Amino acid sequence: MNYKIAVIPGDGIGPEIVNEAVKVLDKAGEKFGFQLNYTKLLMGGASIDVHGIPLTEETIAEARDSDAVLMGSIGGDAKTSPWYQLEPSKRPEAGLLKIRKSLNLFANLRPAYLYEELKAACPLREDIIGGGFDMMIMRELTGGLYFGERHTTEENGVKKAVDTLSYDENEIRRIAKRGFDIAMKRRKKVTSVDKANVLDSSRLWRAVVEEVAAEYPEVTLEHMLVDNCAMQLVRDPKQFDVILTENMFGDILSDEASMVTGSIGMLSSASLNETKFGLYEPSHGSAPDIAGKDIANPIATILSAAMMLRFSLDLDEAADAIESAVKQVLKDGYRTGDIMSEGCELVGCTRMGDLIAERV
């Protein structure tokens, strides 16, 4: 089996962590009998340096022609990088919004899982985390406030800014279906998060989610207001299985969930369209202050690569092997600096990739 994978190393630590993910993928390919053919593409600051813009039409076309996209991290230091002297539409992060929209990547999956070996890094008390937690945040990614009409005006000498939050029922229905499909493979519970006590868009969201829920009688649905959900994530995170929510709420809640796992360096993510095609990337940023020092944590990118095997290529056995290898490395006491604890062995980015590849 041969697959075409577009690889976007990106900026900062991106090239380092992507290299380790590719190393692990190749080891899985050797063991399970598949081959990944990689095409490297430019995006973000790396693309600005060469093309003057964060994302070219050629890169979009090449990505679209692939079976999946594996990406590192995008962006740099907003205070010192010349990329941030450009207008917002030409800065590195604009490429992210454009590729999501261009490839119709409307469903963002962000797992938040607490490894037994990393419980000490969790900021929550032992009695709260109990036996750990394992949730999937399903965030709508191409609609809502981030993509609505916006403008800034001045009226009678007073500046006024307007951002528009809008969803239609089809946008809600397709993300809801993805959320319930994922729940069917997990513990069969969906928590739909909205602000239906205030927003019309949330009231429509809730109504459409209930319609979709009727098609999945095995899945338990509960509704939760976003402010309550933010509180519940730190009060009792193990209650959640799949959290289904709109773009801005998902952006905020997924970052909160990442911190209760102990390190954002451990968190993978996937962005999917209506087919099996997806873009896979770590949840963390480009960390330009540690780029090139071989100290970045590549685990989030490696776990994102495992998600790619599972959701886009249907190579579940290989994905399981990578995830098990990560757990084994942690059990064996190896740590990068961000998850280091007493009694463990400190390793760099490259060594961590080697250790995981050896255990696949």
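Which residue lies over the face of F147? That's K101, at 4.7 Å from the ring centre. Keep in mind that this is a predicted model, where local features need pLDDT of at least 70, side-chain atom pairs count only at pLDDT 80 or more, and totals for chains, interfaces and linings use all residues. Residues are numbered from 1 along each chain as its sequence is written, and side-chain values use heavy atoms, with hydrogens and water left out.

**Charges over rings**
- A charge sits over a ring if NZ of Lys or CZ of Arg is within 6 Å of the ring centre and within 35 degrees of the ring normal.
- F106 has R174 over its face, at 4.2 Å from the ring centre.

**Aromatic pairs**
- You'll find 3 aromatic pairs in the structure (ring centres of Phe, Tyr or Trp, its six-membered ring, within 6.5 Å; planes under 30 degrees apart are stacked, over 60 edge-to-face, the rest tilted).
- One of them joins Y113 and Y115 edge-to-face, 4.9 Å centre to centre with 85° between the planes.
- Y113 counts as partly exposed because its relative accessibility is 31%, while Y115, at 8%, counts as buried (buried is under 20% relative accessible area, exposed over 50%, partly exposed in between; 1.4 Å probe, protein chains only).

**Around F249**
- F249 is part of helix α9, residues 247–260 (helices are DSSP runs of H or I, at least four residues, numbered from the N terminus).
- With 8% relative accessibility, F249 counts as buried.
- Leaving aside residues up to four places away in sequence, F249 touches V193, D194, K195, L199, S202 and V226 (contact means heavy atoms within 4.5 Å).
- C229 is 20 residues from F249 in sequence and 9.9 Å away in space, C-alpha to C-alpha.

Definitions and conventions. Helix = DSSP H or I, 4+ residues; strand = E, 2+ residues; numbered from the N terminus.
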